[in-house]
Amino acid sequence: MDGFATHRPMSWGPGLLSPLSPTTIDSLESRSRDVQERTFCKWLNTKLEANGYPPMTSLVRDLSDGVRLIQLMEIMGDTSLGRYNKNPRMRIQKAENVNKALEFITSRGVKLTNIGPEDIIDGNLKLILGMIWTLILRFTIADISEEGLSAKEGLLLWCQRKTAPYKEIDVQDFSYSWMDGLALCALIHCHRPDLIDYDKLDKTDRHGNTRLAFQVAQEHLGIPQLLEVADLCDVQHPDERSVMTYVAGYFHAFSSMEQTETVSRRVEKFADLMQSVWTSKNDYERRVRELLRSMSDMQDVWDAKAFVGTYADAVQHSASFQNYKQTTKRSWVTEKQDVTTLFGNVQTKLKTYGLREYVPPPGLSLADVDAAWNTLVQAEAARSRAINAEIRQIKDELRRKFANLANNFEKRLRQISSELSSIEGPLEEQLEQVRELQTRIPPFSESLQVVAAADEECRAANVDENDYTVFTMEDLRFELELVTQSISKKIAFIDNQIVSRNMTNLTPAQLEQFETTFRYFDKDESNTLNQSEMAAALASLGIVYSDEDMDLIYDQLMEDYGAVTFEAFINLLVDIMEDQTSPAQLRESFRGIAADKPYVTELDLRVAHLPASTIEFLRQAMPSSQNDVGEPEYDYERWLDEVFEQDGR
């Protein structure tokens, strides 16, 4: 009979047989030694062959002269044992070799009991196997740790945890529990489901399952086959030490895999963050270079132009200059503000993650931009005066009046802009400073009306130029609007950074993705999303709700936050991604398991990979009814109604 209902055969499980005769015990011990000798020899050969040494064929014969033992100790200890007899012929030379190896083992804190050089030279297999088992414990099993347990207990707990979801498996030891090969297949499937289709295994084919596990482990996971199929399937009591030695290979193989994945994820997250910063820095440097070049080229054009002495020519120069100010100059004003904001955002992001401050290359700092901007403004003033000198003189009073008001307005506005660009420090302090600047903006509207009145007076007098200022009403209105928008954007950015900083349960890559998505769909740059924008943003992240559900979500956010702000959006995503147990989420989870049926079956619960204990509880807790074929159907809707009504009382 090849298949078993459980791991432990009823015909020879512990406590089920009468006491064995001495002859039978000797036979079992002899077979156990044979398995150990073969298993331990293969284990040692993996060390030797990996370091270019030929394999051993017999522990008794190959270890007797001490040469192989010294080679093994040098490999395991990753050190040289010095000179030794590489071709010993006399017994004393062999004893010297063996003694050197044993002394090294003892020096590493490994306690050897009742074994000396003569035992190895004379081939005392029992003592040799005991020594090798001690080495396996020291170099393969001793470093295994699981939830505070170590060595054998830790390895057993690891096996139990990994195989717990598999109902046919109950790992209780390193002997009977491994006789049908299912535990080995489960360990592989748990970590690499692509290698074994566990559900399609014939659970009664002990030999086939064991053979499959051995083959897959060796070919795909690099775990040497230390055992034979018969060592597990055709014996009454598989040798515990041999099984432990082999299973330890699974632990180390999968532990290395998990450590590699963890390290890779950590590096990937940091690389994504650094790439984002690198992209922003390159964008800043490219745009600053282009802005500086454009401003310099424009000044060269002005220097090369000459007046021909006619009114039409002067008016043409004036029109060209005004066109520059209304188009090119405004784009530069915007670009200057944008690169200033970009620089501040880069610095804030670096500080948020504790990274080194960004220092632009020489000639590309904000101070360099301001200096070039001041030079441009001076060149504009010179150009304006040259053009105005060619046009008929206008009343100086009107010109001075408008110029004083405009220059003072622009100066105060530029001061606001300068203070905005120089804000730094902790995010909360930055937010307080920016909001203080925002309170100083409303009086500018009244001041702008005064400037507009003076401008109208100049227009009525046909004053088209003003040597005392380079600013027009349109310039001031544009810059006021730009500064107002910049303050609003800065407040929104800092608010978002505070929210991002406080979201410790999200990775930097997730925060970057969510923030980019929010900004993209915030079409009016109000730092809020309307319902259609929110739905589109969630859909771009792969989160889709029905119209009815979207209405409920949006109404709830409006009630909780007053608007779908960045904070509300991030908290919504966190709620979506966290595994919370609200009634609605529980119902949705049960519907997913039941494939939208109003009931679940035991098969549905098992397909969902719920632990056996959880399935048993649900079967007992949920009300059920029999279907046409007599199978129970569990009413999860009714159960949840009863549970949450009780909780609400």
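Which residues gather in a patch of negative charge on the surface? Select Asp-547, Glu-548, Asp-549, Asp-551, Asp-555, Glu-559 and Asp-560, and you have the patch.

Before going on, note that this is a predicted model: local features need pLDDT of at least 70, side-chain atom pairs count only at pLDDT 80 or more, and totals for chains, interfaces and linings use all residues. Residues are numbered from 1 along each chain as its sequence is written, and side-chain values use heavy atoms, with hydrogens and water left out.

**Stop 1: the negative patch**

Glu-548 sits in helix H21, residues 547–561. Helices here are DSSP runs (H or I, at least four residues), strands are runs of E (at least two), and both are numbered from the N terminus. Glu-548 is exposed, at 60% relative accessibility. The areas come from the Shrake-Rupley method with a 1.4 Å probe, and for residues only the protein chains shown count as cover.

A patch takes residues with over 30% relative accessible area and no salt bridge; like charges are joined within 9 Å, and nonpolar side chains (Val, Leu, Ile, Met, Phe, Trp, Tyr) within 5 Å. Lys and Arg count as positive, Asp and Glu as negative; His and the chain ends are not counted. Each charge is placed at NZ of Lys, CZ of Arg, CG of Asp or CD of Glu.

**Stop 2: salt bridges**

How many salt bridges does a search of the whole structure find? The search finds 30. A salt bridge is a side-chain nitrogen of Lys or Arg within 4 Å of a carboxyl oxygen of Asp or Glu.

Select Asp-194 and Arg-192. Their side chains meet in a salt bridge, 2.8 Å from N to O. Asp-194 is exposed at 56% relative accessibility, while Arg-192 is partly exposed at 25%.

Next, select Arg-440 and Glu-436. They form a salt bridge, with the closest N and O atoms 3.4 Å apart. Arg-440 is partly exposed, with a relative accessible area of 29%. Glu-436 is partly exposed too, at 39%.

Now go to helix H17, residues 442–460, and show Asp-455 and Arg-459. The two form a salt bridge, their closest N and O atoms 3.0 Å apart. They are 4 residues apart in the helix, so about one helical turn separates them. Asp-455 is buried at 14% relative accessible area; Arg-459 is partly exposed at 46%.

For a network, select Asp-283, Arg-286, Arg-287, Glu-335 and Asp-338. Salt bridges link these residues.

**Stop 3: a buried charge without a salt bridge**

Find Asp-239, in the loop between helix H10 (229–233) and helix H11 (240–304). Asp-239 is buried yet has no salt bridge. The nearest side chain of opposite charge is Arg-241, 6.4 Å away. What joins the side chains of Asp-239 and Ser-32? A polar contact of 2.6 Å does. A polar contact is a pair of N or O atoms within 3.5 Å; within protein, one must be able to donate a hydrogen and the other to accept it, and residues adjacent in sequence count only if both atoms are side-chain atoms.

**Stop 4**

Select Arg-587 in helix H23. Is Arg-587 buried or exposed? Arg-587 is buried, with a relative accessible area of 17%. Its side chain makes a polar contact of 2.8 Å with the side chain of Glu-637.

Move on to Asp-596, in the loop between helix H23 (583–593) and helix H24 (602–607). Phi of Asp-596 is near 70°, a positive value in a residue other than glycine. Asp-596 is exposed, at 66% relative accessible area.

**Stop 5: another positive phi**

Select Asn-114, in the loop between helix H4 (91–107) and helix H5 (117–121). Asn-114 is not a glycine, yet has a positive phi of about 60°. Asn-114 is exposed, at 65% relative accessible area.

**Stop 6: two C-alpha pairs**

Thr-484 lies in helix H18, residues 473–502, and is partly exposed at 31%.

Finish at Leu-529 in strand S3, residues 528–529. Leu-529 is buried, at 3% relative accessibility. Its C-alpha atom is 7.9 Å from that of Phe-518, 11 residues apart along the chain.

Terms used. Buried < 20%, exposed > 50% of the residue type's maximum accessible area, 1.4 Å probe, protein only.
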